[in-house]
Amino acid sequence: MIQLLFNVSPDLFAEYRAPILEALRRRNIEAQTALAGDMPPEAVDYIIHATGGPVVDFSVFTKARAVLSLWAGVEKIVGNATLTQPLCRMVEDGLRRGMVEWVTGHVLRAHLGTDLYVREKPLTWARHVPPLATERSVTVLGLGELGSAAATTLAHLGFRVTGWARRGREIAGMRCLAGADRLPEALAAAEILVSILPETPDTIDLLNAERLALLPRGAFILNAGRGSLVDDDALVAALDSGNVAHATLDVFRTEPLPADHPFWSHSGVTISPHVAAATRVSSAADAIAENVARSESGAPLLHVVDRTRSY
Ligand code: NAP
């Protein structure tokens with residue numbers, strides 16, 4: 001019988017407890033569960049974690065074999081010096097599918113100029129025929145679990161996709177660039193720029209005034225990574241100058257986005273409330289159970305965060 005501690009809110013505990021237990025049972029693993037504070041720390045085998053959970057000192061969990069995040073982004077916990085156990089981030093099909101759908105929907109909205117017809121009634125009967133996807137360049141920043149899936153779908157639709165990441169790779173149907181010195185090239189190709197990067201010391205303020213100025217004039221920006229990737233003031237200035245035509249933002253430095261933030265009133269900004277990709281309970285429970293089962297059988301954990309890189 002393993003002991004699972006949930007370092008999450010009571011609501012998330014109620015939502016995830018039964019599906020995780022069920023997914024473990026399917027793997028012949030029985031578990032006892034408790035919310036943080038309700039289990040002696042030295043008894044805990046695994047910690048299920050979500051941002052906002054009450055535990056901040058992980059050093060007391062002397063036999064815990066892993067901390068398993070319910071979320072893909074780990075920027076709030078990765079720097080915790082008391083956390084010496086392996087930290088695994090969430091990788092699951094629901095997240096991936098959600099991100100692919102959100103990115104594809106908003107890229108197509110920008111590409112087709114859909115807003116023109118949503119806003120304008122009666123229509124000026126002028127035919128603004130959009131280019132085909134094969135004539136449109138899209139750059140995806142971040143080619144991890146989510147970015148590579150989104151970029152691949154865009155490539156399948158025919159877009160001319162450039163992907164950018166830290167390390168070089170080959171992905172069918174697109175050009176992949178790697179490293180800081182190739183970022184200007186990736187930005188210069190971005191009629192539509194999609195950011196799905198994690199927040200790390202290297203990515204904060206990545207899209208600052210200098211980098212936004214490298215985009216083709218009239219570019220569209222989608223940010224589904226983290227709000228801190230974008231310099232908000234620089235983005236507003238780029239929108240005001242017309243260098244950026246529109247920004248669709250799902251993530252913000254402060255969430256919920258404060259009521260007095262200039263993004264709310266800017267006609268060039270679409271705001272979505274951090275819904276691009278949500279962890280889906282059933283597939284996430286399976287991902288957690290799979291990692292526990294692997295660990296119990298002596299197999300290496302999946303999706304372990306590299307603390308030297310912060311993602
Ligand atoms: P991942 O698999 O860890 O991929 C991260 C990608 O970013 C990798 O391709 C990595 O490059 C690249 N990267 C990191 N630092 C870089 C740098 N300094 N320069 C260039 N590339 C860099 O993560 P994921 O699962 O795809 O998730 C990405 C992020 O999406 C999460 O961290 C989270 O912030 C965000 N997210 C948002 C939502 C939402 O609803 N809006 C939902 C889930 C996740 P390498 O591959 O070369 O290492």
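**Figure 1. Loop holding Asp205.** Asp205 sits in the loop that runs between β9 (192–195) and α6 (209–212); helices (H or I, at least four residues) and strands (E, at least two) are DSSP runs, numbered from the N terminus. The phi of Asp205 is near 60°, which is positive although the residue is not glycine. Most residues other than glycine have a negative phi, and most peptide bonds are trans. This is a predicted model, in which local features need pLDDT of at least 70 and side-chain atom pairs count only at pLDDT 80 or more, while totals for chains, interfaces and linings use all residues. Residues are numbered from 1 along each chain as its sequence is written, and side-chain values use heavy atoms, with hydrogens and water left out.

Figure 2. Lys121 and Pro122 are joined by a cis peptide bond with omega near -5°. Pro122 belongs to the loop between α3 (114–119) and β6 (137–141). The bond from Glu255 to Pro256 is also cis, with omega about -5°. Pro256 is placed in the loop between β11 (244–249) and α8 (262–265).

**Figure 3. Packing of helix α1 on helix α9.** The axes of α1 (residues 10–25) and α9 (residues 281–296) come within 8 Å and cross at roughly 50°. Axes are lines fitted to C-alpha atoms, for helices over the stretch in contact, and angles run from 0 to 180 degrees between N-to-C directions. The two helices are therefore oblique to each other (under 35 degrees is roughly parallel, over 145 roughly antiparallel, 65 to 115 roughly perpendicular, and the rest oblique). Their crossing is right-handed, meaning that the near helix is turned clockwise from the far one by less than a right angle. From α1, Glu15, Tyr16, Pro19, Ile20, Ala23 and Leu24 meet Val281, Ala284, Ala285, Asp286, Ile288, Ala289 and Val292 of α9, where contact means heavy atoms within 4.5 Å. The residues of this contact comprise 11 nonpolar, no polar and two charged (Ala, Val, Leu, Ile, Met, Phe, Trp, Tyr, Cys and Pro are nonpolar; Asp, Glu, Lys and Arg are charged; the others, Gly among them, are polar).

**Figure 4. Packing of helix α2 on helix α4.** Helices α2 (residues 93–112) and α4 (residues 145–156) have axes 9 Å apart and an angle of about 45° between them. They are therefore oblique to each other, and their crossing is right-handed. Residues of α2 in the contact include Met99, Val100 and Val103, and those of α4 include Leu146, Ala149 and Ala150. By class, the contact has nine nonpolar, two polar and two charged residues.

**Figure 5. Contact between the two domains.** An automatic or database assignment divides the chain into domain 1 (2–91 + 279–297) and domain 2 (93–271). Their C-alpha centres lie 33 Å apart. Nine residues from domain 1 and seven residues from domain 2 take part in the contact. Together the domains bury about 680 Å², 59% of it on carbon and sulfur atoms; buried area is the accessible area (1.4 Å probe) that two parts lose on being put together, summed over both. Glu75, Val91 and Arg280 supply 59% of the area that domain 1 buries against domain 2, more than any other three residues.
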